[in-house]
Structures are given as C-alpha cells and as structure tokens.
Amino acid sequence: MKQLLLIGILSVFFLGNLFAQDRTISGKVISSDDKTPLPGVNVVAKGTNTGVVTDVEGNYKLSVPASVTKLVYTFVGFTPQEVEIGSRTTIDIVLEADTRQLSEVIVTGYGSQIKREVTGNIAKVGSADIKDMPVPTFDNALQGKAAGVVINAGGGKLGQGIQIRVRGQSSVSASNEPLYVIDGIPVTTADLGSFGGSTNPLADINPQDIESIEILKDASSAAIYGSRAANGVVLVSTKRGKAGKTKVNFGYQYGTSKPTRLVPFLNGTEYRDYYLKAAANSDRIDGIPSSDPDSYTAYMQDFFNVQGLGVSNANTDWGKLAFQDAPLSQYDINLNGGNDKTSFYISGQFLDQKGILIGNGLQRMSGRMNLEHAASNRLKIGMNMGLTRTLNQRVSGDRQFDNPMQMVALSPITPQTDPNTGLPVGTPPGDISIPVYYNPLINLGNAYYNSIVHRNITTLYGQFEIVKGLSVRSEFGVDILNQQEELYYNSKTQRNFGAPLGLGQNLFTRVENYNTNNYLTFDKVIGKHTINAVGGMSFQQSQTKTNFIEGRDFPSDAYRMVASAARKTDGSSTETNFRFLSYFLRANYKFSDKYLLGVSARIDGSSRFGADSKYGFFPAVSAGWIISEESFLKENKYITFLKLRGSFGRTGNAEIGNFPQLGLFGGAPYAGNPGQAPSQLGNPNLRWETTDQWDVGFDFGILGDRITGEIDYYQKNTSGLLLNVNVPGSTGFSTQVRNVGAMKNSGIEFVLNSDNLVGDFKWKTSFNMARNYNEVTNLGGQIIEGGLNNMSRAVEGQPLGTYFTAEYAGVDPENGNALWYKNATLADGSLDRATTSVYSQAQRVVVGNPLPKWTGGLTNTFSYKGFELSVFFNAQLGQKLNFYGVGRFSSANGRFEDNQTSDQLNSWTPTNRNTDIPEARLFFNNGAQPSSRFIYDGGFVRLRNVSISYNVPKAIAAKVRMTSARIFVSGQNLATFTKYKGWDPEVNADDIVSNIAQGYDFYSSPQARTITVGLNIGF
C-alpha cells in the first residue's frame, strides 16, 4: 500500500511539472491598412515581464508559462490587442491603426513623448494632413490645421514670404516668426531676397519628405529652445526608412491654377462716360466752360485720342491680361526599407509650376537620403541629407509699376498692341509714354528676375547606449544656402528703370549655418515611478556673405550679363554672422500613470546680446493630472480620458539683428578721401525680448475616445521690447536701441476630433478654433507709426498695427462732397461727432486693426472601402484690411486717370443722392484721402481644400505587380466667402508689410485656385 501511495504522489508530481512547462507561441503581425508586416511590435505575456519584439518580417516566437492565458500586442500608432491563447501555438495578428490620437508619439525638443503624457501644448500635423494639397511650401499647408496658429500667404506669388504667427504678435521691431527646426537643426528662414518683396526659404523643402510637423506653442514645450522660442517653435521631422522589404513608391500630379477672384473695373465705354462726367464736374466747380480748350473736358478728350492710339473702339481688359495659364507638374519617387541593422529612405522630386501672374514660376528639384545603421546593440549612427535646387522666376514687388497686377489701373481705351509697331503698347520704337503708366507686358521676353537657390540641409548623428536607460547622442548639422539673384531689363523697358540701354544686376548670397547638439537621455521605470530626463549643450554659428554688382548700357539687347555693360554703376559686398552657445535640461516625471510633472531650463549665450547681458536663463515648469485614472472616474462609461494640465515658463526672442548692441562705424568719405564715422550708439546692456507665458488646459476623450479634444487658456506677457529711445544730443546721436517696451497676448483654443461613424462607412471630423487678444501695454509713451501715410500704429492700449486715420462719414447728399467725422475732443472729454467736408478738420482715430479675432479650421473625412473624400474649411474673422493703396488711385472718384473699380459708377449725382461714393471730379481729391473709407472687413471663410481619392484593391493591384495604387483629385481654394471688396482677403502687400504695417492691399495678387489630378503607385 505504501508503494502504491508513493507511486501516486510521484505521478502527480511529474504530471504537474509536465503541464507546468512553458509553451512556445509563434506568429506574424501585420498592418490592417496595407497588410504589410510590422517590425518592432511588442509581444508580452500578460502579467509577466516576458516578451519579445517582432522581426523585420513581422514574425515573433515567444516562450510563455502555462499559467499565462493571454498575449498583449502593442505598437506605436496602432490599437493594442489582448488575445486569448487557448490551445493555440500559432497566433497571427492584424493590428488596427489607432486614430484616437491619445497614444500617438509627439516630437518634442531633443526627444519625444506619448500624447497622453504631454503637459504642454503641442499641435501636430501629420504627413497625411498635407499630402494632397497642391502647395509648393509646407508652411502654406498648415493654414487652419492647428489652433492658435495664424498663417497669411500675403498674395498669390509663388515662392513669396509667408507670415506665421503662433499665439499672436510678440514684438514691435524684432521678428515675430517661429523658430524652424528640421531633424533637430535650426535652419535659415530669414528673407534673403533683395529686390521686391520677401522670399520664403522654406520653398526649398519638399513637403512630400515630411513625416510630421509639431508646433510648440506654450512655454513648457518651447522653453528648451530658450531665447529663440518666444514666437513658438516648429519641429519638422522627415521620413525614415522602415525595416522590411524595400518599397518603391511613385507619384505624379498635374494641375492648373486660376485666380480665386477678379475685381471688376470699368470697360472702355464706361471709362469714357465716367471721366467725361468727372471732367464736367471739375469744370463746373472751377467755373470753366467745357468748350474751353483749357477745360478739364478738353483735357480728357485729348487724353482719349492720345491714349487710344487712333483705335476708336478699344476695350482692353488689362486686369485679365495680368494672369496666365498656370499648369503644374510634379513627379515624386521614394524608396524605403532595410533590415534589423540598417534602414533607409531615399526620395526625389521634380516640381514645375507656373504662377497665375505673368512671368511668375517655380521649379524645384530635390533629393533626400535618410540612413540609419545599428553598428552594434548599443551604437546607432545615421544621416539625414536633403539637397535642393530651386528656381524662382519672380515678379516685382506689389508697389512697383511693372507688377502685373497694376495693369488694372491702365485705361481700357488703350489697345493692348500698338497698331503702328505690332508690339505691346509702350514698347520702343513706339511711344513709351503710352499707356498712362508702364505696361508690364513689355517685360515678357525683355526682362527677368530669377532667383536660383542651391541648398544642402544635412544632419549626421550617433547614439550610444552607455547602460540600459542611459544614452548619449551627438548631432552635427549644416544648412548651406547659395542664392544667385539675377535681374535684367533691356532697352525696351527703359520707361520703368530709366535705363535706355539696359540694366543688369547680380547678387550672390551664401549662408553657412552650422549646428551641433550633444546630450544625454535617461529613461527609468521604478515601480510606479517613471523618469525621463534630457541634458546637454548646443552650439550654432551662421555666417552670411553677399556680393553685388550692377551694370548699365549694353551693346544690344542680345547681351544680358553685367560683364558686357559699358558702365559698372554699383557694387558692394557684406558679411554678417551670429553665434549661440547653449546648455539645456528637461526632466519629466510620472507617478502611478496619472500624476505628471515636467521641468526644463536653457541657458543661452549669443553674440547678439550686449557685453553685460551675454547669457539668458529660460526656465519652465508644467504639471498634469490624468483624472480618468482615478478610481472615481476610471470605470466611467462616457469619459474615457480626462487630463488637467498647466504650465508656466519664460522664453526669449533673439531675432533682434546681429549688431544692435554694438557701437558701429561706417565709411564716410570726404572730398574724395576715405574716412569713417560712428553710425550707431552701442548698448552693452542690450538683451533678448522676454516672454513669460502661462497656460492651463484640459485634454479629454469621450465614448471610448471616439471624441477627443483640447481646451486651453493662455496669457503671454512680453517685456524688454527693442525700441529706439531718445538720448542726449551730447552723445552725438539722437536715439539708442534699448529694451523698454511691453506687449500682452491672451486667448483661448479649442480642438475637437471625432469618429462620427465607424465600420465600412467612416466619417471623421477635426475642428479647431482660437481667439487671441493682443495689446501693446508699454512703449515708454511713444507712438510708432508705419504703413501707407502712417495709417498703422503701435500705441499703448491698442493691438499692434491698429489703423489710425480719419473716420469717413459718407457723402453730403446736397452736393456730393465727401464727409468725415470731426472727432475733436470736446471740453467734457467726449468726441465731436459733427461732420465736415474739410479733410484737415477731421481728427485721426482708431478705425480697426488687421489682427483676426477668431481663427479656425474644419475637416470632414468620409471613407467607404477604397474611396475617401476630405473637405477642409478654414476661417479668419474679425480683422480689418487696408485698401487705401488701391483705393486712392482706382476707387478715387477720378482723382487721376487710373481706371476705376466698377462700384464707382454709383458715385453721387443730382439724381443719385443716396450713396456713400462721392461725386466724380477729375484731379480733385474728393474722398480719396486716407480714411476709414478704405478700411474694409477682411473676415473670410474659405473652402481651402477638397480631395477625393480611390485606393485600388490590393488584389487588383497585385495582378500588375503593384503593392498599391491610388488615384486622387484635389482642389485648393475652391471658394471664399467674404465681404472684402479687393482681390483676396488673405493679403499683405509684400513691399509694405512689417510688424506694424499689416493687412495692406496694394494691387496684391489673389490666391490661386488650383485643381490637380494625381496617381500614387507602389511596388
């Protein structure tokens, strides 16, 4: 009996050990989108620390204890899956892309975080958000995509400078543009154009190479960039190779563009009638008989004869002649792949786009190679290299007579072609004084203004794991920009430049921008505690050199190089540079997966700062509480995620120029002898402009995160604004640059994303809106004016750029005189609201400002099987625009001979008394003076983009040996809803715009309405 009992015990023991042995589970993980293998997926036995990572083919093999009943599969960007093992030994998994956004990775300065753990405010725009937008620069594609980020393209010229504001304007005299960092390297974004309006160096970046764009908006996220982060930071990450089979993708787009809107002007008959009426009115006022040879009427009849060139029925629509057919062709190819050691992404693009304005075009050739290699289990090295050649065929600045848009001012009675020469009217040997102004059509074939840029943005890096959880990374980056600007006007353009034998100019600019980052990263999980820390140093040096030469008088129009000019009439060379030496630290702490704390600091030293203020300190702190992890909310069926966060920090604006702190000398020749003289009074205490910002917000997820969003309130207080301050005359100077001014921005932001319908038919919505209030709080009692006729102001108590001019009161119904409100301050402090027809009696007052009160964007995406439709609106509301640059000539009641906008036909007459347009009077200034008459509502809602695409089923694509095929049609700027009377409410005249002078329209080109069709195929 004892033997039997012993045998039974031993049997149970051995059987127990047999069933307790580990099991081996294997399988493959693929993506639900394209059924491709997913390398790097974490496969963990639930409840244990046992796990593996899938290989380059998505395969895994894992030994798990018999007690484990489930496996957990997790991968960034995909929804985690928890799977019962049961009796299976092979488990294949299809992971679904995670569209809820809370688990997506957000790139931060010198690192990254999961969105649910971010305690600052960072807006992310992915490659999918901009892939079908037919825009030459990625910054243009950001419009309406991020709350609190306001973008103004300025006009419709290709390659022109674009204005971006993150949470408002922060400076009167320094830059208000954000810092751009591409693959960890701050890049050159300053305007390098020398003729006409500003250029956009970001036009050298291929948008198809971009993986994601993160915009650091609050101080806690941006303070790690210290003295250059006050205007926000834009982090651009380019695409990387993914381990697995090499994929080849080819894309082609073809499109065409037209202006979004044309402003109606008088035709030939209307022009004659209108100006004869205006001349008769002037004759009446001056008491001159219309039959008098010296009358205004006689002048206009002679004008008609001369300008008409004997063509009695000319009716030229000069406004339409400013535009051209504008085709677009774009070819893209990229390869990506690799193995568990090496990955690569290689791309190329050729873009050839004509602008809607005659003579305007952009051509870009770009190539990129991003490589990463694991030299060992602890050492990783890599390179990101982008090479670009960009040709920008530019047109003159908006205020120049050869700006094609200014053709609308030419009289329609003048024929397009001179009947005597067969050439564009005004071309020698014809009469160059006809038409009334220079004819920009003469430039075609006789002039050019080309800007050619060769650019190399490259980063080399190495990362070494010292011990588990501690690594060191070194980066070295260069941004080499060579720009050649060539301007040439031959003898036929002599009226424009006063160069009867031709003019040539050549300007070469070279920017060498070097940057190195070296930092340690520490990651550690200790029970419920998670710590991430980054600390290191950065050094940047940028040098800009220019060489300029001008020549006049060429042997003939066949010669175009300055070397052939008989006279070298101008020349110069310049050099400027700046340096930054920085030390930074950031630490993020998480406790129990629900309490978050972040601190960061940066010390910046710069050659731009005064000798006694060489270094600045920029700290920030932030905290977050994931309330949905608390027991009282964790099981809530409706609120699945709720996080409260807040931050406070200090950032700076070091874009103050390279030498404002120095006492400068310049050349001062005297009587033909060389000499020098002081030109600027130094200030050793000069420093950066400082912005203190606090932010409080909620992130939320509702109904299983089918609805997610953010709500934020912020306030930015900027001090130490750079201003010219009066100094005693004994210094030899009248002013000195000092840090004395202050400004405030405050506002709210709201973001909402929802999965409205799921299943085969999907409907997703993304909505954002923001309200920013700007106020200049201290200018030391100064009033700084700018813009046309100083109509714009920086003044205490008002938003920056406030319009300050006479207030228009309409028309005197008895006589057609223009009226203005006097607005003189009475003894009791009130304003005199009586009207006057004497302009000098009207006091200037605030009549609006160009800063939008509300901005936003709305995207709806619908998909069914392989079809997808995306509809995107954006809006800017509450801003005013200044039409005076156009209105004083072309809506001016016949003040000059310029053609008039069609609404002037409603001018006052004895039978048309109920109108706000004064009586037409030739050469009289009846209402054409600067006033609120030309300040218009500039708010708009724009159908920014509509795209529809079809993904060919993979089974069909495979029959022709393709892995994917996609066809799409996209429309950009399809409709604009606005009360603005000009061409386009998204306007900033390119050679007027400044921090103060905003919202001016000076015959500025409208945006382009672009329709493209495209094809993407993969192998």
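Is Asn200 buried or exposed, and at what relative accessibility? Asn200 counts as buried, at 9% relative accessibility, where buried means under 20% relative accessible area, exposed over 50% and partly exposed in between (1.4 Å probe, protein chains only). This is a predicted model, in which local features need pLDDT of at least 70, side-chain atom pairs count only at pLDDT 80 or more, and totals for chains, interfaces and linings use all residues. Residues are numbered from 1 along each chain as its sequence is written, and side-chain values use heavy atoms, with hydrogens and water left out.

Here is a short tour, topic by topic.

**Around Asn200**

- Asn200 sits in the loop between strand E14 (185-186) and strand E15 (210-216); helices (H or I, at least four residues) and strands (E, at least two) are DSSP runs, numbered from the N terminus.
- Setting aside neighbours within four places in sequence, Asn200 is in contact (heavy atoms within 4.5 Å) with Thr137, Asp139, Gly159, Gln160, Gly161 and Ile162.
- With Asp139, the Asn200 side chain forms a side-chain to side-chain polar contact of 3.1 Å.
- A polar contact is a pair of N or O atoms within 3.5 Å; within protein, one must be able to donate a hydrogen and the other to accept it, and residues adjacent in sequence count only if both atoms are side-chain atoms.

**The nonpolar cores**

- A nonpolar core is a set of buried Ala, Val, Leu, Ile, Met, Phe, Trp, Tyr and Cys residues joined through side-chain atoms within 4.5 Å.
- The largest nonpolar core has 55 residues, and Trp983, Tyr1000 and Tyr1003 touch the most other members.
- At least two residues of this core come from each of helix H4 (268-286), helix H5 (296-308), strand E42 (844-848), helix H9 (884-890) and strand E46 (935-937).
- H4 gives the largest share of this core, 5 residues.
- Another core, of 26 residues, lies apart from it and includes Ile164, Ile205, Val234 and Ile457.
- Beyond its neighbours within four places in sequence, Tyr1003 has contacts that include Asp398, Met405, Val408, Gly885, Phe889 and Trp983.

**Helices H4 and H5**

- The 19 residues of H4 should span 27 Å at 1.5 Å a residue, and its end C-alpha atoms are 27 Å apart, which agrees; the expected span is 1.5 Å times one less than the number of residues.
- H5 has 13 residues and reaches 18 Å from its first C-alpha to its last, close to the 18 Å expected.
- Buried residues of H4 include Tyr271, Tyr274, Tyr275, Ala278 and Ala279, and H5 is part of what covers the buried residues of H4.
- In H5, the buried residues include Tyr296, Met300, Phe303 and Phe304, and their cover includes H4.
- At the start of H4, a side-chain oxygen of Asn267 comes to within 3.2 Å of the backbone nitrogen of Thr269.
- Just after H4, Gly287 has a positive phi of about 70°, and just after H5, Leu309 has a positive phi of about 50°.

- Strand E5 (residues 70-74) and E6 run antiparallel and are joined by 4 bridges, and Val72 stands opposite Glu82 in E6.

- Ser628 lies in the loop between strand E28 (615-626) and helix H8 (631-634) and is buried, with a relative accessible area of 4%.
- The Ser628 side chain reaches the backbone nitrogen of Leu642 at 3.1 Å, and contacts of Ser628 beyond four places in sequence include Leu633, Thr640 and Phe641.
- Gln904, in the loop between H9 and E46, counts as buried at 2% relative accessibility.
- The side chains of Gln904 and Arg933 make a polar contact of 3.5 Å.
- Not counting residues up to four places away in sequence, Gln904 touches residues including Tyr274, Ser890, Asn893 and Ile917.

Note on methods:
Pairing = 2+ DSSP bridges.
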